[in-house]
Amino acid sequence: MATDTDILGRDDVNDMDAILAITNTNADELVHTVTDNAPAIFTWDYEKGQRPALNKLYEKAKGSQWNGETDLPWETEVDQEQFAEAMGIPDKAGLAEFGIDITGTSLDSWTRKEWLEFTIQTQNWSLSQFMHGEQGALLCTAKIVETVPWIDAKYYAATQVMDEARHVEVFSKYLDTKLSGHYPINAHLKMLLDDIIADSRWDMTYLGMQIMVEGLALAAFGMAHATTPDPLLKQLLRYVMSDEARHVAFGVLSLKEFYDGLSDAELKDRQEFAFEAAVRMRDRFLQQEVWERMGVPVKEAIATFNVGDKNEDPFQQLLFSKIVPNCKKLGLLDANDGWLRTRFDTLGVTQFENWTDTGEEYGQFGLDQGDEVVTETEAQRDRLRAG
Ligand SMILES: [Fe+2]
Ligand SMILES: [Fe+2]
């Protein structure tokens with residue numbers, strides 16, 4: 001039986017020293033090599049449509065391609081400072097309303113200039129991590145083309161490879177031409193992507209990427225889409241989300257069949273992997289690299305901002321609003337006496353278990369362009385805000 005120490009490398013999931021000890025030690029590397037241990041699988045069974053839901057997704061994907069160069073209004077003027085002002089720049093009094101007291105900390109001397117810079121750096125960091133995550137999706141989905149045994153899934157995954165190339169391309173272009181700097185990949189995200197690529201079992205790629213990473217991305221993009229005042233980024237995110245909703249549905253529809261046939265012991269491995277992925281993704285949102293770049297003591301800044309129970313932070317919780325119902329749909333929440341449910345309880349996210357899963361959501365909307373999925377994410381956010 002694996003312990004949290006075996007799974008996470010620390011026995012307390014909230015051990016801040018251990019979390020911050022994980023840093024990106026090769027921030028200047030240009031290429032990063034991971035050994036992919038999975039066997040490539042040919043299938044000689046070419047009968048298309050044996051898995052009708054996957055076949056339908058594939059047909060839908062062929063008609064939903066867009067061009068990142070020509071379909072987005074790149075001529076839009078992006079004034080990062082002005083947009084930061086529009087979204088709201090933190091200050092001491094405003095933070096105090098959220099219970100964050102910076103008195104006596106290194107942040108106490110910050111003027112509006114530093115807080116504006118912090119807001120801008122946070123955006124540079126977020127978009128950089130989106131871009132790195134998209135490259136993770138590109139590699140993982142190329143791997144699925146090789147490793148999944150079903151022809152309908154290979155066909156669909158091939159369309160997702162194209163989607164992910166486009167996502168990397170548009171986030172990279174947005175960063176280069178509209179923002180003011182890049183960040184290397186966050187160490188927690190890198191660790192997770194490495195684990196997904198290195199695993200030899202084909203379904204683990206789906207679980208790590210389509211269910212966990214893309215499930216979280218769908219929620220995170222939804223929040224960014226709802227809050228950005230930039231019409232270019234809004235449209236970019238809407239296009240990306242319409243693809244992502246299909247990708248998450250691909251994960252749910254593929255794994256449902258496979259997981260129904262697994263033993264408890266096999267499901268336990270998947271539950272542990274899902275838990276590990278959830279924790280790595282939560283840890284990355286501490287954005288330790290931004291504090292570092294701002295030149296303040298990272299641990300002090302994070303401790304100042306992490307007041308109260310972070311697990312009760314509605315925005316952190318909302319990030320898991322797609323992941324939890326999808327894990328439930330796959331049977332991962334309840335297998336082995338609810339092992340994963342207990343773990344998700346410790347992260348404060350089990351409350352989402354009865355929200356619509358993405359396979360269902362996509363089906364309900366007749367596999368439409370994803371606008372409705374976007375709207376649903378917005379509606380979920382509003383429900384959460386309303387309490
Ligand atoms: Fe993507
Ligand atoms: Fe994706």
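Let me start with helix 8, whose buried residues are A187, H188, L189, K190, L192, L193, I196 and I197. Buried means that 20 or more other C-beta atoms lie within 10 Å of a residue's own, exposed means 12 or fewer, and partly exposed is in between, with C-beta atoms placed from the backbone. Helices (H or I, at least four residues) and strands (E, at least two) are DSSP runs, numbered from the N terminus.

Before going on, this is a predicted model, in which local features need pLDDT of at least 70 and side-chain atom pairs count only at pLDDT 80 or more, while totals for chains, interfaces and linings use all residues. Residues are numbered from 1 along each chain as its sequence is written, and chains are lettered from A and ligands numbered from 1 in the order in which they are written.

Back to helix 8. It covers residues 187-198, twelve residues, and spans 16 Å from first C-alpha to last, close to the expected 16 Å; the expected span is 1.5 Å times one less than the number of residues. Its buried residues pack against helix 6 (112-147), helix 9 and helix 11 (264-284).

Now the core. A nonpolar core is a set of buried Ala, Val, Leu, Ile, Met, Phe, Trp, Tyr and Cys residues joined through C-beta atoms within 7 Å. The largest one has 75 residues, and M212, L216, A274 and C327 touch the most other members. Helix 9 (residues 202-227) gives this core its largest share, 15 residues. Another core lies apart from it, with five residues, including L107 and V290.

What does A274 contact, leaving aside neighbours within four places in sequence? The partners are L207, M212, C327, L332 and L340. A contact here means C-beta atoms, placed from the backbone, within 7 Å.

Helix 9 also holds A224. A224 counts as buried because 20 other C-beta atoms lie within 10 Å. Its C-alpha is 7.8 Å from that of L237, 13 residues away along the chain.

Of its 387 residues, 40% are buried. The C-alpha atoms fill a box of roughly 65 × 55 × 45 Å along the principal axes.

Last, confidence. pLDDT is the predictor's confidence in each residue, from 0 to 100. The chain's mean is 89, and 92% of its residues reach 70 or more. Over residues 365-372, pLDDT stays under 50.

Notes:
Contact = placed C-beta atoms within 7 Å.
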